[in-house]
Amino acid sequence: QIKNATKGGAVIFDAAMEQEAQQRMQTEQALRRAILDKRFCCAFQPKVEMRTQQVRGIEALVRLRDENGEILAPGSFINLAVELGLIDELTHLVLDEIMQSIDLIDETFGADVSISVNVAAKQACNLAFMTSFTAALAATGCPERFIVEVTEDAFVAKSKFQTEILPMLRQIGVRISIDDFGIGYSSLSALADITADEIKIDRSFITDIHQRPRSQSILRAIESISDALGMTVIAEGVETLEEVLYLQTATRIRYAQGYYFSKPVYLDEIKPVDPIRDELRWAIHGRHPEP
Ligand code: C2E
Ligand code: MG
Ligand code: MG
Ligand code: MG
């Protein structure tokens, strides 16, 4: 080993690369098998109207079960699934699972909640996939309940997504949401050109918002642009009461999603959505007395 290494760093580098390739192949195999065996499930995270604490929508977040029954979060496999071309099938499976659970969803969260599905930017720009996914959404019989969440990378001016795909979704009543807004490349130019229904402000702007003046300014700017363009704004990743109170008192943002209200939950482990928290009830009613 040492002998090889002295001949050049390349040897060590190769070994590391080899190991990485090996690791990748294993993950790839595991992912293919998991999808083949349909070893995945959806957790649902509520979108809450802060003032009333009512659930207005839910977002489906996919998880995989590996062969040992361990749950894998999407951060560890979505990019790979996109690269391997497995994501389209997975997305259809997510929609199937939602529809299989629709009665339970309605019972748990209310029959009028919107249902958000994430679509990777690359898929969102793929006309063939989006044509078949739009057909699947139409076939649910309730396309107007669905919101497709896409990160801002897809919202490039004159992209196929904008000119062909977005109109196709809207045609059947599906709404469009810009996910993780503010951390991509195209933020402001994207907003100038697109017609989304909802904009989700990335968690990085929301964390400790009450003590970060620069994030506060950015939030105000996003808020006024969204108002002007008629988009609903939702704050992602709200974790603390301080953040909620800031949003409630210093902004006009009405909707939020985050651990403060609820983590993503599995339908079979749900008790009814948490009752209003006393301290929040107090805080809200202190400011917005009911008529
Ligand atoms: P996302 O769509 O932006 O979803 C929000 C992520 O933040 C979720 O992670 C959620 O569990 C997490 N989160 C929510 N509230 C909080 C909070 O208060 N604090 C913190 N620290 N985190 C919070 P998750 O479930 O691991 O999903 C990660 C990403 O994977 C999603 O980000 C989405 O981009 C992607 N994803 C999930 N399901 C699918 C899917 O079915 N298809 C595709 N293409 N992507 C998916
Ligand atoms: Mg999302
Ligand atoms: Mg997001
Ligand atoms: Mg996010």
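A polar contact here is a pair of N or O atoms within 3.5 Å; inside the protein, one atom must be able to donate a hydrogen and the other to accept it, and residues adjacent in sequence count only if both atoms are side-chain atoms. The model is a predicted one, so to speak of local features takes a pLDDT of at least 70 and side-chain atom pairs count only at pLDDT 80 or more, while totals for chains, interfaces and linings use all residues. Residues are numbered from 1 along each chain as its sequence is written, chains are lettered from A and ligands numbered from 1 in the order in which they are written, and side-chain values use heavy atoms, with hydrogens and water left out.

Back to ligand 1. A nitrogen atom of the ligand lies 3.0 Å from an N or O atom in the side chain of glutamine 45, and a nitrogen atom also sits 3.4 Å from a polar backbone atom of alanine 120. On its own, ligand 1 has 800 Å² of accessible area, and the protein covers 82% of that (Shrake-Rupley method, 1.4 Å probe; for residues, only the protein chains shown count as cover). The shell around ligand 1 draws two or more residues from each of β2 (54-65), α4 (87-100) and β6 (helices are DSSP runs of H or I with at least four residues, strands are runs of E with at least two, numbered from the N terminus). Strand β2 gives the largest share, four residues. In total, 23 residues surround the ligand, and the closest are Arg63, Asn118, Asp179, Glu239 and Tyr259 (a residue is near if one of its heavy atoms lies within 4 Å).

Now for the metals. Glu59 (OE), Asn118 (OD1), Glu149 (OE) and Asp179 (OD) coordinate the magnesium ion (ligand 2) at 2.0 to 2.2 Å. Donors are N, O and S atoms within 2.8 Å of the metal (3.2 Å for Na, K and Ca), and water is not among the atoms, so sites may look incomplete. Along the chain, the donors of ligand 2 follow the spacing E-x58-N-x30-E-x29-D. Distant parts of the chain are linked here: glutamate 149 belongs to strand β5 (residues 146-151) and aspartate 179 to strand β6 (residues 175-181), 30 residues apart. Glutamate 149 is buried at 1% relative accessibility, and aspartate 179 is buried too, at 7% (buried means under 20% relative accessible area, exposed over 50%, partly exposed in between, with a 1.4 Å probe and protein chains only).

The magnesium ion (ligand 3) is held by Asp179 (OD), Asp180 (OD) and Glu236 (OE) at 1.9 to 2.1 Å, and these donors are spaced D-D-x55-E in sequence. Aspartate 179 bridges ligand 3 and ligand 2, the two magnesium ions lying 4.0 Å apart. Another link between distant parts of the chain shows up: aspartate 179 in β6 pairs with glutamate 236, which sits in the loop between β8 (232-235) and α12 (241-250), 57 residues apart. Glutamate 236 is buried, with a relative accessible area of 12%.

Elsewhere, threonine 140 is in the loop between α7 (127-139) and β5. Threonine 140 is buried at 16%, and its side chain reaches the backbone oxygen of leucine 137 at 2.6 Å.
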